[in-house]
Amino acid sequence: MEEQTRSEILKTIPYGFYITGVVGSDGEANGFTTCWVSQVSFEPQQVIVAVQKGQRTHDLIEQGGVFSLNFLDTGQEELARRFTEPLENRDGTVGGSPYSTGETGAPLFEEAFAHLECRVVGKMEAGDHTVYLGEVAAANLKRPADILTDLDTPMEYGG
Ligand SMILES: Cc1cc2nc3c(=O)[nH]c(=O)nc-3n(C[C@H](O)[C@H](O)[C@H](O)COP(=O)(O)O)c2cc1C
């Protein structure tokens, strides 16, 4: 019972939705929907992202040592859903979503309203996830928008 209460309380933590972009040592780009993200330092500006162990994108972030945060807006729930599935990197797209390559080498998805590029400067084991500490290396705001959050959709991650 307490287990269920813990889950319910954990599910009330609000999150923004992003596609985390990653790239392997052979240049394979990919991305996945992510909500366990937070800023953790002002100077230097650093963020953390928690990545589930055993998934393909975990291997890629380990290899590449960089990631991008691609900010999704309130109209992009379908895109967020698509990036919860394993996707193929083909013809300059990941699962049909075009990207350019940022200065760190991480993919920047064109549909996102803003991008942050980060270099991994630390990591911590966290049970079934690895928490990566990223230092912000570049930023790009493409248009003003409100970020998609778990308050806008039935999609959830946590508990
Ligand atoms: C709302 C939502 C948020 C998610 N947030 C995360 C996250 O913060 N970290 C993570 O590792 N996976 C998260 N996921 C799961 C990944 O999007 C999913 O496992 C994805 O398929 C991984 O890609 P891959 O299989 O190509 O490695 C989330 C899923 C949903 C539905």
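This is a predicted model: local features need pLDDT of at least 70, side-chain atom pairs count only at pLDDT 80 or more; totals for chains, interfaces and linings use all residues.

**Entry 1: starting at Thr-57.** Residues are numbered from 1 along each chain as its sequence is written.

Is Thr-57 buried or exposed? Thr-57 counts as buried because it has 21 C-beta neighbours inside 10 Å. My cut-offs, with C-beta atoms placed from the backbone, were 20 or more other C-beta atoms within 10 Å for buried, 12 or fewer for exposed, and partly exposed in between.

Next I listed its contacts (C-beta atoms, placed from the backbone, within 7 Å). Beyond its neighbours within four places in sequence, Thr-57 touches Val-22, Asn-30, Phe-32 and Val-51. I also checked Ala-106, 49 residues along the chain from Thr-57, and found 12 Å between the two C-alpha atoms.

**Entry 2: the ligand.** Thr-57 came up again here: with Trp-36, Gln-52, Gln-55 and Tyr-157, Thr-57 is among those that come nearest of the 18 residues around the ligand. Two or more shell residues come from each of β2 (29-34), β4 (46-52) and α2 (56-64). The largest share, four residues, belongs to β2.

I sorted the shell by class and got eight nonpolar, seven polar and three charged residues. Here Ala, Val, Leu, Ile, Met, Phe, Trp, Tyr, Cys and Pro are nonpolar, Asp, Glu, Lys and Arg are charged, and the others, Gly among them, are polar.

Entry 3: I then moved to Gly-21 in strand β1. Gly-21 is buried because 33 other C-beta atoms lie within 10 Å. Its C-alpha atom is 5.4 Å from that of Phe-67, 46 residues away along the chain.

Which residues touch the most other members of the largest nonpolar core? Of its 29 residues, I found Tyr-18, Ile-19, Val-22, Val-23, Ile-61, Phe-67 and Leu-72. At least two core residues each come from β1 (18-23), β2, β4, α2, β5 (66-71), β9 and β10 (114-126). Such a core joins buried Ala, Val, Leu, Ile, Met, Phe, Trp, Tyr and Cys residues through C-beta atoms within 7 Å.

**Entry 4: a sheet.** I traced an open sheet of four strands, ordered β6-β7-β8-β9 with antiparallel pairing. Its edge strands, each pairing on one side only, are β6 (89-90) and β9 (107-109). Strands pair if DSSP finds at least two bridges between them. I counted two bridges for β7 (residues 93-94) with β8 (residues 97-101), and saw that Thr-93 has Pro-98 in β8 as its bridge partner.

**Entry 5: the whole chain.** I ended with the overview: the protein chain has three helices and eleven strands, and 29% of its 159 residues count as buried. The C-alpha trace spans about 50 × 35 × 30 Å along its principal axes.

Methods: A residue is near a molecule or strand if its C-beta atom, placed from the backbone, lies within 6 Å of it. Two residues are in contact if their C-beta atoms, placed from the backbone, lie within 7 Å.
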